[in-house]
Amino acid sequence: MKPAAFEHLRPDTADAVAGLLSPEAKVIAGGQSLGPMLNLRLARPARLVGLGAVASLRDIREENGMIVLGAAVSHARIEDGDSPVALPPMLRHVARGIAYRAVRNRGTIGGSLAHADPAADWIAALTALGAQIVLRSAAGTDRRVAMPGFVQGAYRTALGPDEIIAAVEVPAAMRDALWGYDKLCRKVGEFADAIGAVALHPASGHVRLVSGATGAGPLVLAEAGADLARSARHPGSPALRDALAAALPGTDPVKLRLLATALSRAIAKVLPA
Ligand SMILES: Cc1cc2nc3c(=O)[nH]c(=O)nc-3n(C[C@H](O)[C@H](O)[C@H](O)COP(=O)(O)OP(=O)(O)OC[C@H]3O[C@@H](n4cnc5c(N)ncnc54)[C@H](O)[C@@H]3O)c2cc1C
């Protein structure tokens, strides 16, 4: 099928993009998730507001101890380290595991976050890294939402109706973080059946264990979970399965096992046995 007719607007500032939002309009970034929905007519916006002409949304810079990635930075640029500032190694690793190169060339970090597919990679990885999302409103003001709170459920985010994602901020200290990321999927390049994401930065006391692809938003299992991490690095660890079962009541036991396996593998990369 082909999409229903729409008008395509390409403003050249982020404020103008936000100013064009309305119930009939949708932002389009890489089109990798929205494109199929348009083709199947699951989405029928009268207006698409493209990000392609907004240069600032493709910036990567360092500011006030944060690495700031514009929302329209593609997965491929992160994978390639095509950036004027060094990126945390975990970001490059995660980007490389998303879909295949043609999708990564067009798909963007902001598009992935806004879409908030529960099985997507960035929502889990950026939660582990303690990122915050910068939301720009039609009034031109920014507000920041820390990652565990930005995703509010499957395909649900804290984005307001007149807001776009302008940027993602990752603490620059995360360049030195110890990290592990494990994604279980049937074929390389597919969305995950289970994700484990771990970031430890002892100097700042950052310890985050995240279970992703739970069916809802990423689950922060333990903000300060060093003890759990130590006891849970072996696959099959009852401590980890018990913690997941308590946090995700009613979850199928097979799914719980996959989630526990992915997380224990990620932990093992940080704290080898
Ligand atoms: C075959 C295939 C395999 C894939 N595999 C994976 C995978 O393994 N892991 C994974 O994580 N992802 C995967 N994806 C998804 C991919 O990462 C997409 O890039 C991503 O989901 C959407 O990014 P986009 O830039 O294409 O957004 P678009 O499709 O353009 O937009 C998606 C949604 O986000 C909104 N949006 C986009 N940008 C903004 C913004 N700045 N502010 C506010 N709203 C915005 C749009 O209005 C739309 O609702 C896959 C996609 C395909 C087609």
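A: A quick definition first: two strands pair if DSSP finds at least two bridges between them, and strands (E, at least two residues) and helices (H or I, at least four) are DSSP runs numbered from the N terminus. This is a predicted model, where local features need pLDDT of at least 70 and side-chain atom pairs count only at pLDDT 80 or more, while totals for chains, interfaces and linings use all residues. Residues are numbered from 1 along each chain as its sequence is written.

Q: In which sense do β6 and β7 pair?
A: Strands of a sheet pair through backbone hydrogen bonds, either parallel or antiparallel. Here, β6 (132-137) and β7 (142-146) are antiparallel, with five bridges. Leu-135 is bridged to Arg-143 of β7, and Val-134 to Arg-144. Four residues lie between the strands of this hairpin, where Gly-140 has a positive phi near 85°.

Q: What is the order of the open sheet?
A: Its five strands run β4-β5-β10-β6-β7, with antiparallel pairing. β4 (60-63) and β7 are the edge strands, each pairing on one side only.

Q: Which residues come nearest to the ligand?
A: A residue counts as near when its C-beta atom, placed from the backbone, is within 6 Å. Among the 30 residues around the ligand, Gly-30, Gln-32, Gly-107, Gly-111 and Ala-114 come nearest. Elements giving two or more residues to this shell include β2 (25-28), α6 (109-115) and β10 (163-171). The largest share, five residues, is from α6.

Q: Why does the ligand lie between domain 1 and domain 2?
A: Domain bounds come from an automatic or database assignment. The ligand lies between domain 1 (7-50) and domain 2 (56-173) because both give residues to its shell.
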